[in-house]
Every structure is written in structure tokens, then in C-alpha cells.
Amino acid sequence: MSGDSPAAFVPAASRPGLLARAEPASRRQERRLVRDVQRGSAAALEELFRREWPRAYRAAYLVVHDAAAAEDIAQEAFLAAVRSIDRFDRRRPFGPWMHRIVVNRAIDVTRARALRREVDAAAANSAEAPPDQPSSPLPDDVVTALGELSPEHRAVVVLRFVCDYTPGEIARALDMPRGTVNSRLRRALDRLGEVIER
Amino acid sequence: MSAADPLRDRLREQPLPGEADAAARSWPVVEAALAERAPAPRRSRVTMRVALVLALLSIGLATALSPAGAWIGDRFRDEPATTKPAFAGLPPGGSVLAISGSGAYAIRPDGSSRRLGAFSAAGWSPHGLHVAGVEGRRLVAVDAAGTVKWTLTSRTPVGHPAWSTGLGYAVAYLEGRSLKVVAGNGDPTTNRVLRRDAAPVTPAWRPDSDRVLTYATRAGALATVDVQTGHTLWTAPGAAPRVLAWGPGGRRLVALRSRSVTVLDGSGRTLSTISLPGVARAFALHPSGKRAAIVVGRRVLGLRLADGETRQLFQGGVDGIAWSQDGRRLLLGWGDADQWLLLGPGGRITALHGVSEELGAAGGFPHVAAWCCAR
């Protein structure tokens, strides 16, 4: 396990169906994997990591739009999952539980950054140290346009279109009324639809 | 086709920067987290309860009825309690150097400890294979098992040893006001005075270097010298530093002063000075060189060097801090509670209890000096 080359974990996010919602057979397999991880199986954890990492990282990235922060968020979500795996109810699906952690954490990080940017702008004249290099922007218009929405809007879009949540599930995950989810989805679709049709 | 379908496709298929590298970096960390936790019991609760009741009944019957009952009772009373060593909670990936009143100790990731010598200060060699320690007038090199490799005795007390960070060819140390350097093999013919104006601050080798060394002068300045030629490469003025630390690649040098942190570039030009909300007592530069942990009064602060933003990591009387080599954990010595604390990702805290007792309580609380390299 530890000897695996990093290339072994190259995610293939563009493979059809990789990010699709888990089917019943897949759910049974997931339950087995969770049970084996609870018993300490590193092989089962590796399989779970392979299955869930691409979507966890993607969800985090699409909300925070920063590779380093997305890595931290996805990694922290996995660490949280491993540390509380003994208490995890296997009847519940693992993926959505993980995505909820990822997306909520990503919203927090984005909000904190926005706050910091306000402070930085005020202190810009006195700052002597060069800031960290920003991540290079993505060439894809949809992803760039997504970045122009608020973190809460981005989270709704990511949960709906990347994680396949229903509006009701999004409302519960983000602790907001279902009507708000629907209106945010509508607004996001209007905005992003313009970009797609260009 | 609605706008949702192409949107879904593009959000799912757009290649993202850093995705594969992030997975490769994160997997070992996640795997290590699994190794750290004890696996859940396999048997069901019902099975466990039945087994427990049967075991208790057997013991009770054996004790009450059999002639050997007394012996069984004694066995259970005399069996020593099995306890894990205090340091067993350390994660894999290197050994910790701790210094208490009874000397210096290497604490291995499996929780075992080895006394290295009666050192008052010590530092790891670049790959964690050896430790340079000072004991009165003696500079001593030992391996990680405590076997003495060489000893150099001076006329007056010595202190602040620092092993070079390249191939380990040199050890710098202070003897009074003199900054001295000796070869890493302890050859006394190589022992020489480099400067005679050194302040009592541990000098800092540039990363991956056996030649470039920065020290604090008595006048409060910083000076960087080439130890082979003896030439001064640059000097920088400023208030007396307490701790010096080079960032990776030698791109940044960080000097902790009493109430501020100064960041310099590799040629000694000051980039920024960050004020601290109190007197600094301990400092550890993160392996990335981008942030640091600082003990200010009874608080441990995380400091981002680019913009000076601080956040509180912990509150309590902390004595000594060190980052793990992968930079994901911060080890704190919390003397008030006789604990070492591991601050992990997401603010998770793991406590290692009874650390003084583990090393022999006579030495007092073990100060966290350094956390070195996975081998």
C-alpha cells in the first residue's frame, strides 16, 4: 500500500460515470468497504479513497477555486471520516456524508478569504511582503463564471450538478429552506447558461 | 436539452489543476490516520456480552470451587497493568528530540525513548542519524541510540550546537562570544573560531548547505558567513534576534525578536517586520517557510508570514514547539498538564499524557526541542 506510486492515485474524473451517483450494487460495495475500514483495512480505505477523492476534490475546488485550499479541504474531510468511521452508520451512504463535510468547509474557507481580502485591501499600503502567487485561472468559461457567484450559490450548484443531490437534500446539507435552494439554482442556471450558449 | 445537462458535463469533466498531485500527496496522510486509530472490535455487542458473562462465571466458579482458586485469584491481583508508553501517540515520520533536567532524549515514533546524554542543548544532524549536544565544556556527537561518536572539550562552557544541513560535514557552536565550527566527524584539527562577536543565539545553516551559516552578532545584527572561506556574505542590522530559521531553498530567513518577527530574503534584505501581541517565548518555522507557530505569553499563535495574519492555535503554558516534517502536525509541550499535544489538521488535538514520568520524573518536564526527519 505505502509503496504505491503516486500515479496510482491519478483520478480519472473525465471517465463517464465516475462521478455518477452510486447505484444499489455500488452501495452494497460501499457498505462493505466502510465495514472493512472500521475493522482497520487499509486496502478498503484505499478503495474508498480512489472512489471518493475525485468528487471530494472537485467539489472543494469548484467552491473555493484554489488548488491548495481544495487539497486541504478534501484531505481534512477524509481525515475526519477516518477518525469517526467507527461511529459511522453503515446504512447511510458514505459519499454524501463526505460531500457535506467538503462543501460546508469550502464555504467557510471562501467566506474567511473574502473577509481577509477586505482586511488586506485596507492594509495594502503598509504591506512589505509579496503575497503568495494566486492559482492560475482556468480556461473553461463555465468554471470561471461559477467563480463569480457567491460561495453559497457555488455550493448549491456543486451539490446539484457534481454530487447529484436533490434540492431537498441540498436544503438539509446546507441548512437552508428548499425554496432558497431552488431560487439559487435557477439564478445560477440563468447565469451559467448564458456562458454555455455563447 | 436543458442548460443543466451541458453544465453538469462541463463541471464534471473539466480537468482541474493539481488534482492528481493532490491525491498522491493526500493518500499517505489518510492512510497514516487509519494506522493511528485502533481498529473497531470485530465481534458484535451480543457476542461480546455473552463472552464476558461466561468469562466472569468461569473465574468465579474457579475461584470459589477449585483448590487452585486461590492461585487464580492471586494471578489476577498480581498481573501488572499493561499501559502504553506516554509517547505511543506520536505519528510515524521521524523522532522527537526532547530535553529535560536529566538530559536529552530521542523519542521514536513507536513511543520508545533513548537517553542521549546530559545535554543542556542539542540538535539533529541533517538526516536524523546523529545528535550534537553540549554538556558543560564538552561538545558531543551521539547516534540516535545514544552511542557517543566523538567528544570535543573546550576551555570554557559551550552552547547552541547546530549541525550543518547539507551532508552534515560541519557542526557550529558557541564558546563564549566565539562562533566556532568543527567538521562533522569531530576531527579536532578542523575545530576553529569563525567569529568573535557572536550573541547567544543558535546559528542557522542555510538549507542543504555545509558552508553558509547565519548568526546573530553581539551588536544585534545578523551576519551570514561562508564557513570555508571565512568571508562575510552579507550583514543586516536590527534588534537582537532570539531565534533564526531559514525557509526551504534559502529564499527566506526568519528572525524572531522579542516582540516581532522579521522576514528577510536570501541576501539579507528585510521584506517585512511583523509585530507580535506580546513577548515571544518559542518559535517554529513551518516546513513550507510560509508560516510559523509562535508562543506568545500563554498563547500559541499561527502566523502567516506573507501578510502577518495571526490566529490562536492553543491557549496554555506551552514550553517548546516543533512541526512534523510534513508540516501537518504541531507538537506542543504543555508543562501545566504534563502533556505533549499534537495539533493536527482541522484543529484536532491529541494529548500524550504523563510525559515527565515516562522519562523519569526527576528530570522535570521534557522540553520539545526538535522533530526530525523520517528515515
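What percentage of the contacts in chain B with a separation of 6 or more is accounted for by residues 24 or more positions apart? In this predicted model, such residues account for 42% of those contacts in chain B. For chain A, the corresponding value is 71%.

The two chains are described in turn by their secondary structure. Chain A, with 198 residues, comprises eight helices and zero strands. Its pattern along the sequence is accordingly written α-α-α-α-α-α-α-α. Chain B, with 375 residues, contains five helices and 28 strands. Buried residues make up 35% of chain A and 39% of chain B.

Within chain A, helix α2 (residues 42-64) packs against helix α3 (residues 67-83). Two packed helices are described by the angle between their axes and the distance between the axes. For α2(A) and α3(A), the angle is about 140 degrees and the axes are 8 Å apart. An angle over 145 degrees would count as roughly antiparallel; α2(A) and α3(A) are therefore oblique to each other. The crossing of α2(A) past α3(A) is right-handed. On the side of α2(A), the contact is formed by A:L45, A:F49, A:W53, A:A56, A:Y57, A:A60, A:Y61 and A:V64. The residues contributed by α3(A) are A:A67, A:A69, A:A70, A:I73, A:A74, A:A77, A:F78 and A:V82. By class, the residues of this contact comprise 16 nonpolar, no polar and no charged.

Elsewhere in chain A, A:D164 occupies the loop between α6 (151-161) and α7 (167-174). This residue has a positive phi of about 65 degrees, although A:D164 is not a glycine. A:D164 counts as partly exposed because 18 C-beta neighbours lie inside 10 Å.

In chain B, four strands form an open sheet in the order β20-β21-β22-β23, with antiparallel pairing. The edges of the sheet are β20 (280-285) and β23 (310-315) of chain B, each of which pairs on one side only. On average, neighbouring strands of this sheet are turned by 25 degrees against each other, direction ignored. Strands of a sheet pair through backbone hydrogen bonds, either parallel or antiparallel. Between β20(B) and β21 (residues 291-296) of chain B, which run antiparallel, there are five bridges. In this pairing, B:L285 is placed opposite B:A292 of β21(B).

The loop between β22 (299-304) and β23 of chain B holds B:L305. Because B:L305 has 23 C-beta neighbours inside 10 Å, this residue counts as buried.

B:D338 is situated in the loop between β25 (330-334) and β26 of chain B. Its phi is near 50 degrees, a positive value in a residue other than glycine. Since 19 other C-beta atoms lie within 10 Å, B:D338 is partly exposed.

Notes. Residues are numbered from 1 along each chain as its sequence is written. Chains are lettered from A and ligands numbered from 1 in the order in which they are written. This is a predicted model: local features need pLDDT of at least 70, side-chain atom pairs count only at pLDDT 80 or more; totals for chains, interfaces and linings use all residues. Helices (H or I, at least four residues) and strands (E, at least two) are DSSP runs, numbered from the N terminus. A residue is buried if 20 or more other C-beta atoms lie within 10 Å of its own, exposed if 12 or fewer, and partly exposed in between; C-beta atoms are placed from the backbone. Two residues are in contact if their C-beta atoms, placed from the backbone, lie within 7 Å. Two strands pair if DSSP finds at least two bridges between them. Axes are lines fitted to C-alpha atoms, for helices over the stretch in contact, and angles run from 0 to 180 degrees between N-to-C directions. Angles under 35 degrees count as roughly parallel, over 145 as roughly antiparallel, 65 to 115 as roughly perpendicular and the rest as oblique. A crossing is left-handed if the near helix is turned anticlockwise from the far one by less than a right angle, and right-handed if clockwise. Ala, Val, Leu, Ile, Met, Phe, Trp, Tyr, Cys and Pro count as nonpolar, Asp, Glu, Lys and Arg as charged, and the others, Gly among them, as polar.
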